[in-house]
Amino acid sequence: MIDEILPVAVTSAESFGDAPKAWLFPEEAAALGEVGGARRREYTTVRHCARRALGGLGLAPVPLLPGVRGAPGWPDGVVGSMTHCVGYRAAATAHRSDVRALGIDAEPHAPLPEGVLGYIALPEEASRVARLARRVPEVHWDRLLFCAKEAVYKAWFPATHTWLGFDGAVISPAPDGTFHARVLVPAPAQRDCVPLEFDGRWLMRDGLVLACALSPTQV
Ligand SMILES: CC(C)(COP(=O)(O)OP(=O)(O)OC[C@H]1O[C@@H](n2cnc3c(N)ncnc32)[C@H](O)[C@@H]1OP(=O)(O)O)[C@@H](O)C(=O)NCCC(=O)NCCS
């Protein structure tokens, strides 16, 4: 399903449950530490998805270790992103020569809890969500905004190693399954070629909202 919103340069794999044959490298198991079964299963299954996605790029399985602020480490020359929510796990990868930054996110397609939209949305985003909700009421636009913001953060952070708050980018979703993101904070001085605009696509199906944010190298 997620492949429907990704360009051909991006390989992906997904799972609608936990994969019984999924396994971890010892380094990945050590990095996870002592956690509950649900966390262990999502961490393991999403890495199984990531290894399938890397296979699509012609790359062998490698440990995918959580790094700074939880961002996973990818092989040299590769960008990637992972997501999991109830009933869904997915990973996407691409050669950095094709895609400079890539983030994906999945969320249950349900309204955000009371008060959360006010916390995550800039005033212009809240107005847009309200307008879109009147026009296309079958989409939970508040959840889609949240999902798109998380995807943007997952694309931004590995490229910059800097935090981006919910007020750090303005997201403009559209009913045609796209969104645009404009970062409002200055690019970190020590980093070259930081993407400050992201193109996004989203999909709502089977009780899920999926979003991807990316910055192709040609942009
Ligand atoms: C990090 C964050 C985006 C994760 O999103 P989430 O919906 O809670 O969780 P998901 O299951 O979709 O994604 C988790 C995966 O994201 C990846 N991830 C975690 N931190 C990351 C980071 N800093 N950068 C990139 N990817 C990250 C990991 O692969 C993680 O899975 P793993 O721990 O099993 O390896 C979220 O917790 C967060 O901190 N958000 C605040 C920042 C933000 O969204 N700003 C908005 C900017 S407009």
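1. How many helices and how many strands are there in the protein? The model, which is predicted, has 5 helices and 8 strands. Along the sequence these elements come in the order β-α-α-β-β-β-α-α-α-β-β-β-β. A student can follow this pattern from one end of the chain to the other in the structure above.

2. On overall size, the radius of gyration is 17 Å, close to the 17 Å that the globule rule gives for 219 residues, so the protein is as compact as a globular protein of that length. Taken along the principal axes, the C-alpha atoms fill a box of roughly 50 × 40 × 30 Å.

3. Where does the ligand sit? The space that the ligand takes is the largest pocket. Two or more residues of the shell around the ligand come from each of these elements: α2 (37-56), β2 (78-85), β4 (99-108) and α5 (141-160). The largest share, 6 residues, is given by α5.

4. Which residues are closest to the ligand? There are 23 residues around the ligand, and the closest are R39, T83, H84, D105 and K154. Sorted by class, the shell holds 11 nonpolar, 4 polar and 8 charged residues.

5. Some contacts can be given atom by atom. R39 places a polar side-chain atom 2.7 Å from an oxygen atom of the ligand. For R47, a polar side-chain atom lies 2.8 Å from an oxygen atom of the ligand. In the case of L164, a backbone N or O atom lies 2.9 Å from a nitrogen atom of the ligand.

Technical notes: Residues numbered from 1 in each chain as written. Predicted model: local features only at pLDDT ≥ 70, side-chain atom pairs only at ≥ 80, totals over all residues. Heavy atoms only, no water. Near = heavy atom within 4 Å. Polar contact = N/O pair within 3.5 Å; in protein donor to acceptor, adjacent residues only side chain to side chain. 1 Å grid on protein atoms, 1.4 Å probe; cavity = no way out; pocket = protein on both sides within 12 Å on 5 of 7 lines; lining within 4 Å. Sits in = over half its atoms within 2 Å of the grid points. Helix = DSSP H or I, 4+ residues; strand = E, 2+ residues; numbered from the N terminus. Nonpolar A, V, L, I, M, F, W, Y, C, P; charged D, E, K, R; others polar. Rg over C-alpha atoms; globule rule 2.2 N^0.38 Å.
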